[in-house]
Amino acid sequence: MADQSGGNTADVEEFDEFDEIITEGRWAAFKESATRRMSRRIAEEETAEEPVEPFASPSAFGSWSVDAARALLDVQFHRAATRTLLPLAYLLGLASAVAIPIVGTVGLWRISAWLGIGFAVLFAIPLGLVIAATVRLLLEFVLNASRLAARVSHISDMADDLFQALSDVAEPVNQLSKDVQAVQFWRFRRRSSRK
């Protein structure tokens, strides 16, 4: 009986040792994954350019114009240009919200003055407002889709890091499992030899 209790103490110590190894392996894998993720995020933040506010100053408008021209000439879509081109698209949308009712009013004015005035009062102003609101809503939808895509990409990166960390932990755990099975197999053989 004394031998068995001594054997049990050794078993508990072995399992504590295996538990420490597993815990250290998990910690090391998590730490390595977190370090990679943080270094990747820092590198992305350094390379990511915040879009310039085009109407803050004349130099900002010049910088924004250059960024917008680069975005328009990027036919391979190597970089996202959504945030850069939104002010340009909105300005063009507002210009069309003003131009379309004016062209309609002038066209109808040439046919009849009363028809032109009636169209301007009854249809042109609401049409312009509807076009402006539609352009604004569509561009906000595009902006939100762009933000969502950036978040999904970030979540995907985190999932990849988690998968890598779990893979890094799985290999030592599998090895420990094989080692524990081998030790127990050896112990059962030894017990059967005593009987």
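The count of salt bridges is 2, where a salt bridge is a side-chain nitrogen of Lys or Arg within 4 Å of a carboxyl oxygen of Asp or Glu. The model is predicted: local features need pLDDT of at least 70 and side-chain atom pairs count only at pLDDT 80 or more, whereas totals for chains, interfaces and linings use all residues. Residues are numbered from 1 along each chain as its sequence is written, and side-chain values use heavy atoms, with hydrogens and water left out.

## Salt bridges

Side chains of opposite charge can pair when their charged atoms come close.

Solvent exposure is classed by relative accessible area: buried means under 20%, exposed over 50%, and partly exposed in between (1.4 Å probe, protein chains only). Arg70 is exposed at 53%, whereas Asp67 is buried at 12%. In the other pair, Glu140 has a relative accessible area of 33% and is therefore partly exposed; Arg136, at 40%, is partly exposed as well.

## Overall architecture

The secondary structure of the protein chain consists of 4 helices and 0 strands, and the elements run α-α-α-α from the N terminus. Helices (H or I, at least four residues) and strands (E, at least two) are DSSP runs, numbered from the N terminus. Of the 195 residues in the protein chain, 17% are buried. The accessible surface comes to about 14900 Å², and 65% of this area belongs to carbon and sulfur atoms; accessible areas come from the Shrake-Rupley method with a 1.4 Å probe, and for residues only the protein chains shown count as cover. Among contacts (heavy atoms within 4.5 Å) with a separation of 6 or more, 62% are between residues 24 or more positions apart.

## Helix 3 and its contacts

Helix 3 has 30 residues and reaches 42 Å from its first C-alpha to its last, close to the 44 Å expected at 1.5 Å a residue. The expected span is 1.5 Å times one less than the number of residues. Buried residues in this helix are Thr84, Leu86, Gly93, Ala97, Pro101 and Thr105.

Thr84 has a relative accessible area of 11% and therefore counts as buried. Not counting residues up to four places away in sequence, Thr84 touches Trp64, Asp67 and Ala68.

Tyr90 lies in helix 3 and is partly exposed, at 26% relative accessibility. Leaving aside neighbours within four places in sequence, Tyr90 is in contact with Val135, Arg136 and Leu139. The C-alpha atoms of Tyr90 and Arg136 are separated by 6.9 Å, although these residues are 46 residues apart along the chain. For Tyr90 and Glu140, 50 residues apart along the chain, the C-alpha separation is 10.0 Å.

## Nonpolar core

In soluble globular proteins, nonpolar side chains tend to be buried together. A nonpolar core is a set of buried Ala, Val, Leu, Ile, Met, Phe, Trp, Tyr and Cys residues joined through side-chain atoms within 4.5 Å. The largest such core has 7 residues: Leu86, Ala97, Ile131, Ala132, Val135, Leu139 and Leu143. Helix 3 (82-111) and helix 4 are the elements that give two or more residues to this core, and the largest share, 5 residues, comes from helix 4. Apart from neighbours within four places in sequence, Ala97 is in contact with Gly128, Ile131 and Ala132.

## Nonpolar surface patch

Trp109, Trp114, Ile117, Val121, Leu122 and Phe123 make a nonpolar surface patch of about 750 Å². Patches are made of residues with over 30% relative accessible area and no salt bridge; like charges are joined within 9 Å, and nonpolar side chains (Val, Leu, Ile, Met, Phe, Trp, Tyr) within 5 Å. Helix 4 (residues 113-194) gives the largest share of the nonpolar patch, 5 residues. Leu122 is placed in helix 4 and counts as exposed, at 58% relative accessibility.
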